[in-house]
Amino acid sequence: MNMSQLETLVTISKTMSFRKAGELLNLTQPAVSAQIKSLEDEFKAVLVDRSQPVTLTDRGLVFLEHAERILAVVEELKQKITDLEETPQGHIMLGTTTSIAIQILPRVLSYFQNQFPLIQTSIQSMPSSQIYSLVENGSVDIGIGYLIERNPDLETSVLYYDTFELVVSPQNELARKKKIGLEDLKDVPMIMLSPDTVGRRFVEQVFKEHGIVPHVAMELSSSEEVKRMVELNLGAAVISKLSISREVRQGSLIMLPITEFETSHPVGVIYRSGKYLNSAMRQFLADLKGMPETQFIGSE
């Protein structure tokens, strides 16, 4: 049994003619007869009285009632699918770093949820390296983080570029120097992010290339924790420029340019290649990719 057969039976009940039903359904009269015969054979019952005018038998009337209900359910399903396309809705699991979750997503999600209130989002904070693995295994729908590797199973798109900057407390002696270089950091207590973060790996690589072994005073898991320790003048730190914009503006942190750290790092969206994207995910990705860079790096 298929939907076409049910539609044919319903049309015959209305037109009381195989020929007229065929004209409405764009079928030949033999094709109409074959569909009805197939239904009768499957259900082992005569559904149509073929005398003129054509009518349904008692069994056919019972069948008609259920056929109309089935077709109505299918039509409702089609409408709901169409509605999903026209009015995006659903759930998205986002995976991102702590600093992005705090600095970027509030602005993005505020805009997005105002435009599409039927879309729900959940956020998991994690290092960028973990974002890749969780997107790949399907635990996270869309990742937002530093684009640190190429993976044929993942699609990526750059949203903006970030840099890592040296910051100190206004009370730190480095803050009083007009210009400093990497060599000036040899004996400075450094407050570092955990080893599995992009920022930590970048800083260690720069130090290694210049033969410097940093004095690691402490390791912390998030940029927020690092900033608080630096504000207490417990050491210097190299962290995302985007994450320190408020503190620099307020004067609780001083940003000191270091030539060796002046490298741009792409930040973007990460999602699995070939994954079915529901309407919510398609809309979210389209909006993210369509946002100007100033939406992410502008002042708060």
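The protein chain has twelve helices and twelve strands. The model is a predicted one. Its radius of gyration is 32 Å, whereas a compact globule of 300 residues would have a value near 19 Å.

**Overall dimensions and packing**
- Taken along the principal axes, the box filled by the C-alpha atoms of the protein chain is roughly 105 × 35 × 25 Å.
- Of the 300 residues in the protein chain, 44% are buried.
- For contacts between residues at least 6 apart in sequence, 72% join residues at least 24 apart.

**Surface and charge**
- The protein chain has an accessible surface of about 15800 Å², and carbon and sulfur atoms account for 51% of that area.
- There are 29 positive and 38 negative side chains in the protein chain.
- The centres of the positive and negative sets lie 1 Å apart.

**A cis peptide bond**
- The bond from Q52 to P53 is cis, and its omega is near -10°.
- P53 sits in the loop that runs between β1 (48–49) and β2 (55–56).

**Positive phi outside glycine**
- K44 is a residue other than glycine with a positive phi, near 50°.
- K44 is placed in the loop between α3 (29–43) and β1.
- The relative accessible area of K44 is 75%, so this residue counts as exposed, the cut-off being over 50%.
- N233, also a residue other than glycine, has a positive phi near 60°.
- The loop between α9 (223–231) and β10 (237–240) holds N233.
- N233 has a relative accessible area of 31% and is therefore partly exposed.

Terms used
Residues are numbered from 1 along each chain as its sequence is written. This is a predicted model: local features need pLDDT of at least 70, side-chain atom pairs count only at pLDDT 80 or more; totals for chains, interfaces and linings use all residues. Side-chain values use heavy atoms; hydrogens and water are left out. Helices (H or I, at least four residues) and strands (E, at least two) are DSSP runs, numbered from the N terminus. The radius of gyration is taken over C-alpha atoms; the globule rule is 2.2 Å times the number of residues to the power 0.38. Buried means under 20% relative accessible area, exposed over 50%, partly exposed in between (1.4 Å probe, protein chains only). Contact means heavy atoms within 4.5 Å. Accessible areas come from the Shrake-Rupley method with a 1.4 Å probe; for residues, only the protein chains shown count as cover. Lys and Arg count as positive and Asp and Glu as negative; His and the chain ends are not counted. The place of a charge is taken as NZ of Lys, CZ of Arg, CG of Asp or CD of Glu.
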